[in-house]
Amino acid sequence: MNWNKKLLCLPLLFFTIMAQAQNGPRERVKTLKVAFLTERLSLTSQEAQSFWPIYNEHEERIETFRRKERRQLAGRMMDAPDLSDQEAEKLLDELMTLHAEKLEANTQYLNKVRQVLSAKKTLLLIKAEEDFRKSLLQQFRKKRGGG
């Protein structure tokens, strides 16, 4: 391979490595969460086959809400002291709409989950997700030296 081709490949290699580095921790957390939930719920193969597509779809939907909140609302919320009353009203309406949409998405999700898991396992799912978040937060604090 001549030097020109090598020089062209270097930026591509760099961006590939950077993309993997950025996705690495997030993907590891997802993997740990799946293992954690699988263990806590003791899903049968039939339950798992029905449950995981519902769960993954919901996770993607919730991530869309998070991105929208960060991109469209969070920055403007920081500017709240400088907003006019009219701008504040509009922002508050947008925030309330987003919260209502998230609530509806969560309700739909739980209704779908109830169709494939028992009520008891659905409650265990909710508890396991909360336990996972707490565990992750504790690990983060330990790494940061804050706990």
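I call a residue buried when its relative accessible area is under 20%, exposed when over 50%, and partly exposed in between, using a 1.4 Å probe and protein chains only. With that settled, I looked up the overall burial: 20% of the 147 residues in the protein are buried.

**Ground rules.** The model is predicted, with local features needing pLDDT of at least 70 and side-chain atom pairs counting only at pLDDT 80 or more, while totals for chains, interfaces and linings use all residues. Residues are numbered from 1 along each chain as its sequence is written, and side-chain values use heavy atoms, with hydrogens and water left out.

**Layout.** I counted 4 helices and 0 strands, taking helices (H or I, at least four residues) and strands (E, at least two) as DSSP runs numbered from the N terminus. The order from the N terminus is α-α-α-α. I then checked contacts, meaning heavy atoms within 4.5 Å. Of the contacts with a separation of 6 or more, 67% join residues 24 or more positions apart.

**Cores.** Next I went looking for a nonpolar core, that is, a set of buried Ala, Val, Leu, Ile, Met, Phe, Trp, Tyr and Cys residues joined through side-chain atoms within 4.5 Å. The largest one has 12 residues, including Leu37, Phe51, Trp52, Tyr109 and Leu125. Helices H1 (3–41), H2 (45–78), H3 (85–116) and H4 (119–144) each give at least two residues to this core. H2 has the largest share of the core, with 4 residues. There is also a second, separate core of 7 residues, with Phe65, Leu73, Leu91 and Leu98 among them.

Which residues does Leu41 touch, leaving aside neighbours within four places in sequence? Leu41 is in contact with Phe51, Lys121, Leu124 and Leu125.

**Helix H4.** I checked the length of H4: at 1.5 Å a residue, its 26 residues should span 38 Å, and the end C-alpha atoms are 38 Å apart, so the two agree. The expected span here is 1.5 Å times one less than the number of residues. The buried residues of H4 are Lys121, Thr122, Leu125, Ala128, Glu129, Asp131 and Phe132. A reminder to myself on spacing: an α-helix has 3.6 residues a turn, so residues three or four places apart point the same way. After H4 comes Gly145, with a positive phi near 80°.

Beyond its neighbours within four places in sequence, Asp131 is in contact with Phe36 and Arg40.

**Pockets and cavity.** I used a 1 Å grid over the protein atoms alone: a cavity is a set of points where a 1.4 Å probe fits but cannot get out, a pocket is an open set with protein on both sides within 12 Å along at least five of seven lines, and lining residues have an atom within 4 Å of a point. Grid points are joined across faces, edges and corners, and a volume is the space filled by probe spheres set on the points.

The largest pocket has a volume of about 1000 Å³. Of its 26 lining residues, Lys33, Tyr55, Glu59, Glu63 and Arg66 are the closest to the centre. H2 has the largest share of this lining, with 10 residues. I sorted the lining into 11 nonpolar, 3 polar and 12 charged residues, where Ala, Val, Leu, Ile, Met, Phe, Trp, Tyr, Cys and Pro count as nonpolar, Asp, Glu, Lys and Arg as charged, and the others, Gly among them, as polar.

The second largest pocket holds about 310 Å³. Its lining includes Pro25, Val29, Leu136 and Phe140, and H1 and H4 are the elements that give two or more residues to it. H4 gives the most, 5 residues. By class, this lining has 6 nonpolar, 1 polar and 2 charged residues.

How many cavities of 30 Å³ or more did I find? The count is 1. The largest cavity has about 70 Å³ of space and is lined by Ile54, Glu57, His58, Arg61, Ala105, Gln108, Tyr109 and Lys112. H2 and H3 each supply at least two residues of that lining.
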